[in-house]
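Subject: Structure for you, with notes

Hello,

Here is the structure I said I would pass on.

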Amino acid sequence: MSEVLLQVLDLRTQLDMPAGALRAVDGVDLELRQAECFALVGESGCGKSMTALSLLRLLPEAGRIAEGRVLLEGQDLFALPEAAMRAVRGRRVAMIFQEPSTALNPVLTVGRQIAEVIERHTPLAGEAVRRRARELLDSVGIPDAARRVEEYPFQLSGGLKQRVMIAAALAAEPEVLIADEPTTALDVTIQAQILDLLAKLQAERRMAILLITHDLGIVARMAQRVAVMYAGEIVETAARSDFFRAPQHPYSQKLFDALPTPQKRGGQLSVIAGQVPQLNAQFRGCRFAERCELAFQRCRDEAPQLIALPGGAARVRCHLREQGAAPERRAAAAPLPADAQAAGASEPVLAEVEDLKVHFPIRKGLLKRTVGQVKAVDGVSLAVRAGRTLALVGESGCGKTTVGKAMLRLLPPSAGKVAFDGADLASLPRSELRARRRAMQIIFQDPYASLNPRMRVADVLAEGMRSLGVGRDETDRQRRMAALLEQVGLPPETLARYPHEFSGGQRQRIAIARALAVEPKLIVCDEPTSALDVSVQAQILNLLKSLQERLGIAYLFITHNISIVEFLAHEVAVMYLGRIVERGTVEEVLGDPKHPYTEALLSAVPMVDGERSIIRLSGELPSPANPPAGCHFHPRCPKATPECRQDYPQAVALGRGRSVSCILYRSSKAESSS
Amino acid sequence: MLFPLASDYLVWLLVAALASFAYYCSRNPHLAAPWARVFRSRAAVASAVVLAFFVGVGLLDSVHYRPRLPATDPAAPPVYSVEVRSLLDLALTRLRTRLEITYSAPLATRLLQKERIERPDGTSVRDYPRLRFGGQHLKDEADLSQDVALRIVAGLALAAAVWSLVVLAGRRTLARRWPFVPWDAAAIALAALLALAGPVAMLAAGYHVLGTNQVGSDVLYQALKSIRISLVIGTLTTLVLLPLGIAAGITAGYFKGWLDDAVQYVYTTLNSIPGVLLIAASVLMVQVYIDTHPELFPTSAQRADFRLLSLCAILGAVDWTGLARLLRGETLKLAQLDYIEAAHAFGVSHVRILTRHILPNVTHIVVITLVLSFSGLVLAEAVLSYIGVGVDPSTISFGTMINAARLEMAREPMVWWSLAAAFVFMFALVLAANLFADAVRDGFDPRVRV
């Protein structure tokens with residue numbers, strides 16, 4: 001076994017809050033070995049990031065390290081004076097952050113920001129620094145590094161910025177790299193690029209990586225060893241293979257169960273009841289006992305210690321494991337089960353979008369003349385069937401949210417039709433549209449921005465009913481509101497409270513109740529779970545699913561998360577740069593993707609179980625203001641031919657409801673038409 | 001006979017509006033919580049005590065009446081004086097009526113300049129004559145320092161007595177109702193205030209504590225009378241500024257398009273004209289109107305009051321651009337938020353979205369702007385009156401006091417007390433207002449929350 005590089009002993013970090021000290025990290029021990037990727041997993045609020053910041057002594061103002069030692073090759077970092085610590089940061093231990101857009105200084109060129117690190121930590125100077133900066137940008141795979149060195153962060157896309165961040169972190173060749181959710185803000189195809197890069201750099205430089213993430217798929221792909229954190233403690237550490245074969249702690253098991261997979265389509269996802277406990281509380285027993293289905297009396301009375309399991313390096317903090325290791329997890333690698341999909345195809349079409357276009361003019365100059373168009377949505381056609389779910393999948397910036405908003409006329413469509421209930425919503429005057437608003441509602445991504453902080457929940461729910469005249473009178477509406485809260489699983493006293501008193505998941509339930517209040521037939525769900533933790537996501541997905549079963553609501557589910565599509569959706573439309581490139585049922589599209597983009601997108605999703613070869617896409621989504629000529633995807637497409645640059649390929653029907661826009665399938669069109 | 005001036009109506013309207021706003025805040029947690037944060041700050045509580053003193057004086061000065069003249073014939077209908085007085089004038093009758101001939105220094109017993117004095121034996125000398133009222137009770141002028149010391153001690157004793165009474169009463173009531181407020185800061189501020197006011201009150205009974213001005217009027221009285229003008233300018237201006245700023249700001253930010261362009265052009269243009277020039281021109285036009293319509297203003301008090309109100313209106317009409325700009329920016333941001341989109345999806349009308357969603361979410365900006373602009377307006381009045389385009393020259397205000405100081409400072413011996421009095425009073429008022437405004441900003445600004 002390789003040498004231990006970084007050792008954390010009984011780390012305790014507190015945040016001093018008005019409500020009392022918050023024990024964000026409460027007795028964490030871990031070791032990081034050379035050339036190893038160690039993943040720290042957990043939901044938000046578990047103390048993962050605080051652990052990382054403590055290692056570098058970069059805590060926020062209210063934070064302080066109460067106890068513990070961090071040994072970097074035997075040297076105690078907490079005993080160093082601040083001046084010596086600055087020589088450690090960046091030089092020996094470097095960190096990359098989650099949000100590349102805020103981690104770079106916008107007024108300095110990226111070359112300057114990398115040079116800063118080089119000058120601080122190496123004896124290089126002058127031209128040598130600039131050369132080294134170019135080499136670094138080259139080594140993190142930034143094309144045309146010599147030019148990029150002189151550019152400012154705003155000229156770079158998110159993926160490139162994250163590469164610059166990595167280059168800056170690597171500038172002084174650190175021994176340890178702390179990566180705090182390095183890909184959470186990025187799209188899956190970009191995420192795959194960055195993860196590849198990290199793995200490659202690690203292998204080349206024999207660096208140790210402490211990878212902080214909430215995504216078990218990334219852990220499966222990157223880590224050698226795993227630690228699960230819960231409420232400031234490590235509840236389980238194990239080698240990756242052992243962890244994925246048989247997670248030992250009930251919390252770890254629950255995290256796996258809460259992941260949406262195709263096998264769980266028919267039923268409900270397993271959820272973890274309740275929330276992560278407040279860390280300023282005093283704990284007597286196990287911190288997970290409140291939410292654990294397997295808890296017994298001892299769990300509530302006695303805090304479990306990390307116990308080593310026989311026959312392995314795994315350690316777990318659970319009383320149950322004294323009786324032996326947990327059984328193996330059922331791996332979920334089976335193909336999509338064929339359920340009653342075909343039956344759904346006969347449901348009547350509820351809403352049909354035809355050749356929808358949303359263009360935003362680019363105005364310039366004093367007179368604001370239109371000099372161009374951002375073609376956010378450029379000819380999208382899709383159909384949502386009553387009581388079914390159509391998933392609209394694509395990377396950020398591809399225009400999927402714009403489609404959802406334009407269908408509801410929250411954005412003015414530039415062209416096209418939205419046939420709904422015998423009328424074209426895209427061209428109705430505002431007064432007539434108002435009467436039809438009841439039938440279509442929307443749920444947003446960010447639960448914190450979607451509720452007015454100045455309105456009580458009762459007013460939030462009543463707003464739509466009052467505006468659209470749902471309910472006979474106030475008492476009737478009160479009765480309906482009580483019923484709504486029950487439907488979404490919230491207590492009746494919720495009505496009198498304000499949104500800030502609720503957690504993200506609860507807010508999302510309120511937002512769902514608000515949409516349900518006017519009894520819509522179709523709800524546009526705009527990434528409703530992407531801001532939530534896995535266990536909370538499972539609760540919301542279960543809720544949406546059961547509502548669909550009971551009330552027969554159709555969903556247009558906008559997401560970038562393929563596993564949710566597998567769990568929830570009946571049909572899928574894949575979008576790229578304002579156009580739909582492939583449509584079909586879930587089994588068809590996910591099981592047998594035709595379009596090269598769909599193939600690449602699916603292969604880039606990190607999987608918890610099993611391996612698959614990743615189709616690597618070079619580059620990033622082009623700007624919709626200036627799309628590539630011909631097929632929009634051809635600059636990134638591994639199968640592109642010169643012909644692809646000529647014209648945008650027409651959609652080719654490949655059977656009922658299945659279509660794909662790719663030149664490769666023109667021949668099959670010829671067959672089907674003949 | 002009560003004789004309320006137009007500005008009195010507005011002042012009391014504002015008091016009523018503030019009272020109902022306070023009630024509204026107490027019913028809405030999203031407004032009550034920031035105010036509670038404001039009053040957790042010791043500086044805010046202490047400055048609130050000082051401000052309360054100023055506001056108290058200002059409100060006393062905002063109840064006007066015309067005294068009944070002594071009737072010559074008891075059967076005749078009562079006749080009222082043309083002179084308009086306020087409750088403050090009534091309380092300060094001694095200060096108001098005890099006019100000297102001309103300048104005298106603070107706590108002096110004699111005039112500042114020599115005059116020919118007729119002696120009882122018929123001869124005359126040039127000497128500093130005794131004041132008509134200041135120190136008149138002294139048999140021997142050599143007792144001056146002893147008398148002053150005695151009065152200070154008596155004043156402090158009085159202050160201590162009042163302070164203990166207030167603190168005792170306050171502990172029973174206020175401290176129980178709002179236990180989170182640092183009442184000790186209030187008690188200390190009150191002690192300091194009373195320790196000043198007590199001796200001053202005792203001294204003012206026998207002397208001109210801050211001297212007299214050119215026409216022999218008491219400077220302390222003038223300073224106290226100036227408070228109302230400052231407060232009126234600082235608060236009534238907001239009555240003009242608020243509707244303009246809010247309406248222009250949030251409609252521009254919400255509707256965008258040509259409305260936004262129009263509002264932006266208006267406030268950019270308005271901001272490009274030098275403010276003083278615009279104010280001077282408007283005030284002079286108002287003055288011409290007053291001079292050509294004497295029938296509308298039967299008393300000089302009404303004339304001065306009209307000019308004061310016009311000044312408020314003009315300042316407000318010039319000053320709303322800052323608020324509108326802030327609100328436009330915030331509304332642009334808010335209008336993108338999901339809850340506004342959700343309201344659109346429900347077909348909620350524009351008016352309701354503006355009043356229910358936008359307005360409550362920009363209240364903090366309005367409150368912060370108003371409190372911060374108060375001290376600026378108080379200072380603006382002083383500057384404008386100094387250059388002669390502020391309040392009516394007959395009105396006593398800090399600005400007119402400073403204006404008079406132009407000549408006084410050039411005299412030999414120098415007359416410094418008018419300017420010093422105006423300076424100290426304005427400084428105390430503006431400092432207290434600024435400290436309070438800082439606490440309000442910290443309490444309401446969501447970004448500074450720890």
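Predicted model: local features only at pLDDT ≥ 70, side-chain atom pairs only at ≥ 80, totals over all residues.

Residues are numbered from 1 along each chain as its sequence is written, and chains are lettered from A and ligands numbered from 1 in the order in which they are written.

Chain A overall

The average pLDDT (the predictor's confidence in each residue, from 0 to 100) is 86 for chain A, and 96% of its residues score at least 70. Over residues 669-674 of chain A the pLDDT stays under 50, and the model has 2 contacts beyond four places in sequence for that stretch. Two residues are in contact if their C-beta atoms, placed from the backbone, lie within 7 Å.

Chain A has 23 helices and 24 strands; these are DSSP runs numbered from the N terminus, helices being H or I with at least four residues and strands E with at least two. Its radius of gyration is 26 Å, close to the 26 Å that the globule rule gives for 674 residues, so chain A is as compact as a globular protein of that length. The radius is taken over C-alpha atoms, and the rule is 2.2 Å times the number of residues to the power 0.38. The C-alpha trace of chain A spans about 75 × 65 × 55 Å along its principal axes.

Of the 674 residues of chain A, 49% count as buried. Buried is 20 or more other C-beta atoms within 10 Å of the residue's own, exposed is 12 or fewer, and partly exposed is in between, with C-beta atoms placed from the backbone.

An automatic or database assignment sets the domain bounds: domain 1 (30-62 + 78-92 + 176-323), domain 2 (103-173) and domain 3 (341-673) of chain A. Taken over C-alpha atoms, the centres of domain 2 and domain 3 of chain A are 38 Å apart.

Strands

Strands count as paired if DSSP finds at least two bridges between them. In chain A, β2-β1-β4-β5 is the order of an open, antiparallel sheet of 4 strands. Its edge strands, each pairing on one side only, are β2 (20-33) and β5 (75-76) of chain A.

Strand β16 (residues 415-420) of chain A has A:Gly416, A:Val418 and A:Phe420 on its covered face, and A:Ala415, A:Lys417 and A:Ala419 on its uncovered one. β16(A) pairs antiparallel with strand β13 (residues 349-364) of chain A over 5 bridges, and with strand β17 (residues 423-424) of chain A over 2 bridges. A:Phe420 stands opposite A:Ala351 and also opposite A:Ala423 in β17(A).

Backbone details

The hairpin of β16(A) and β17(A) has 2 residues between the strands, and A:Asp421 there takes a positive phi near 55 degrees. A:Glu519 is not a glycine, yet has a positive phi of about 55 degrees. A:Glu519 is partly exposed, with 16 other C-beta atoms within 10 Å. In chain B, a cis peptide bond joins B:Glu412 and B:Pro413, with omega about -5 degrees.

Contact between the chains

In all, 16 residues of chain B are in contact with 21 residues of chain A. On the chain B side, α13(B) gives the most, with 7 residues.

Regards
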